[in-house]
Every structure is written in C-alpha cells, then in structure tokens.
Amino acid sequence: MNHWSPKLSRVVDWATGLLVVLGLILGAQRLRALLSPTATTRTLNSSAPNWHEYTEDSFSVGPENAPVTLVEFSDYACTYCKQMAPILRQARDEMGSKLRFVYRSALLRPESRAAAIATVCADRAGIAVAVHDALFESGGAMPSEGAVGLAAKLGVTDTLQFRQCLSSTWAESAVSKDSSATQRLGVRGTPTFLINGKLVEGSMSISDLKKLIRSSY
C-alpha cells in the first residue's frame, strides 16, 4: 500500500520526470558528439625534412610559387577529413594565390581506395578538384552513378579513356605513391597537414587554419 501523501507523490513524479528529461538531454548531447566530433588539432614541434618532395606526384590547386604550400594527407572514408573538406575549400577560395593546396590520399582505410583511384584519373582528365570536392560533398562515398558517371557529369567526354584509367597499373601506381609518402612521413591519422613543412595533425576551424597559414608566410 502506498502511504505517501498526494503532495509527496507529486514531488516524486516531478523529480522522476526531471531525471528523464536530463537523461534525454545528455543522450542527445552524447549522440551529437559522436556524429560531429570536435576538433583535435595538434601542431607538432618539428618540420618534415625535404618536405617539398611531398608536394609532387599529386594534384594541386594554386600557383607553385605561392608563399604557403599546404599538403593534406587525407582519406575519403575519414570523418574528420569530411569535416575539413569545406573548410579547406573556403581557405582555397579566400587565400587565392597566397596558398597552394596539395592533396595526398593517405589510404589508411581500404574502402577509400576506389575514390583515391578516381581522383588520380580525374587529375589526368583535368577535373581532379571537381571530383575531389564532389566526393567529399557526397560524404566521402562514391556516388550512385559511379566514378565514370561522376566524371561524365563533371565534364569528361572521353568516358572510355577514363574507365580504362580506373583499372590501369598507372592509377594503381599513383595511389601507391601517396600511400608510400604517407608511411615515409609517419602519418598516424587523418587529416595530417604539412604547412610549409610544419606538421599539423587533426581537424580545425577556418579561423585556426588561416592563422596557421598566415604565420607561415
């Protein structure tokens, strides 16, 4: 038998309801944190020796004589890399000729290999930037139309040549060079950056990225 007074019962009910609401709020915050990881930037107190060698054998945006060269070791299947993609695109647009952006596929996840191969073939066809941006806009996954369909949508007319490139030893060799460069540098996670040779790990905001770029002039 319940001997609680009506007033005490109302207090218990109110407290129980409050606990349920707090639990829902904390659960939602935890879910949001899992779906949208926070920035994990770590600037290392070292510069990569012979860092200019990492700017070769991959597509780039911006003039070769730009005062700052940013090399990104990235992975299409990486959550942090997907977060950084629009930030890097904004930096490219805003910094203009002051920044050269070089993309390297780290290939730390085997499921990103097809996208990496599509990118090197897109570079050969002159649309690497468009394919790179489109892949990240689609969440890092190959869109439903496939690499050939994506290339055609972005302006490639010789789709037969593009299709042959996707299965070529040349394309395999190109992505293997990126993988070898990743290992040689000792990249442990993505994204990792070389900003005029300075090693920076993790994602960051556009303001933090622009500060790092400007401090490298």
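Phe-59 and Tyr-103 are both buried in this predicted model. Tyr-76 and Phe-136 form an aromatic pair that is tilted, with 4.8 Å centre to centre and 35 degrees between the planes. Tyr-76 lies in the loop between β3 (68–74) and α2 (79–95), and Phe-136 lies in helix α4, so this pair ties together parts that are 60 residues apart in sequence. Tyr-76 is buried, with a relative accessible area of 1%. Phe-136 is buried too, at 7%.

Now count the ring pairs. There are 4 aromatic pairs. One of them is Phe-59 with Tyr-103: the ring centres are 5.8 Å apart and the planes stand at 25 degrees, so the pair is stacked. Stacked here requires planes under 30 degrees apart. Phe-59 sits in the loop between β1 and β2 (60–61), while Tyr-103 belongs to strand β4 (residues 99–105), so the contact ties together parts that are 44 residues apart in sequence. Ring pairs link Phe-59, Tyr-76, Tyr-103 and Phe-136 into a cluster.

Step back to the whole chain. The protein chain has 8 helices and 6 strands. Along the sequence they follow the pattern α-β-β-β-α-β-α-α-α-α-α-β-β-α. Of the 217 residues, 42% are buried. Among contacts with a separation of 6 or more, 79% come from residues 24 or more positions apart. The accessible surface is about 11900 Å², and 55% of this belongs to carbon and sulfur atoms.

Next, the cysteines. The chain has 1 disulfide. This bond joins Cys-121 to Cys-165, with an S to S distance of 2.2 Å. Cys-121 lies in helix α3 (residues 113–125) and Cys-165 in helix α6 (residues 159–166), so the bond ties together parts that are 44 residues apart in sequence. The torsion about the S-S bond of Cys-121 and Cys-165 is about -95 degrees, so the disulfide is left-handed. Both Cys-121 and Cys-165 are buried. Two further cysteines are worth a look. Cys-78 is buried, with a relative accessible area of 1%. Cys-81 is buried at 0%.

Helix α5 (residues 146–153) comes next. Its buried residues are Gly-146, Ala-147, Val-148, Leu-150 and Ala-151. The buried residues of α5 pack against α3, α4 (128–137) and α6. Just after α5, Gly-155 takes a positive phi of about 120 degrees.

Leaving aside neighbours within four places in sequence, Phe-162 is in contact with Ala-118, Cys-121, Ala-122, Ala-125, Ala-147, Val-148, Ala-151 and Val-156. Phe-162 also belongs to the largest nonpolar core, which has 46 residues. Those with the most contacts inside this core are Leu-70, Phe-162, Phe-193, Leu-209 and Ile-213. Apart from it lies another core, of 12 residues, including Val-71, Phe-73, Val-102 and Leu-194.

Finish with two other sites. The charged end of Arg-124 sits over the ring of Trp-170, 4.3 Å from the ring centre. Ser-47 is in strand β1 (residues 42–47). Is Ser-47 buried or exposed? At 52% relative accessibility, Ser-47 counts as exposed, because the cut-off is over 50%. Leaving aside neighbours within four places in sequence, Ser-47 is in contact with Gly-197 and Lys-198.

Key: Residues are numbered from 1 along each chain as its sequence is written. This is a predicted model: local features need pLDDT of at least 70, side-chain atom pairs count only at pLDDT 80 or more; totals for chains, interfaces and linings use all residues. Side-chain values use heavy atoms; hydrogens and water are left out. A disulfide is a pair of cysteine sulfur atoms within 2.5 Å. Helices (H or I, at least four residues) and strands (E, at least two) are DSSP runs, numbered from the N terminus. Buried means under 20% relative accessible area, exposed over 50%, partly exposed in between (1.4 Å probe, protein chains only). Contact means heavy atoms within 4.5 Å. Accessible areas come from the Shrake-Rupley method with a 1.4 Å probe; for residues, only the protein chains shown count as cover. A nonpolar core is a set of buried Ala, Val, Leu, Ile, Met, Phe, Trp, Tyr and Cys residues joined through side-chain atoms within 4.5 Å. Rings of Phe, Tyr and Trp (its six-membered ring) pair if their centres lie within 6.5 Å; planes under 30 degrees apart count as stacked, over 60 as edge-to-face and the rest as tilted. A charge sits over a ring if NZ of Lys or CZ of Arg is within 6 Å of the ring centre and within 35 degrees of the ring normal.
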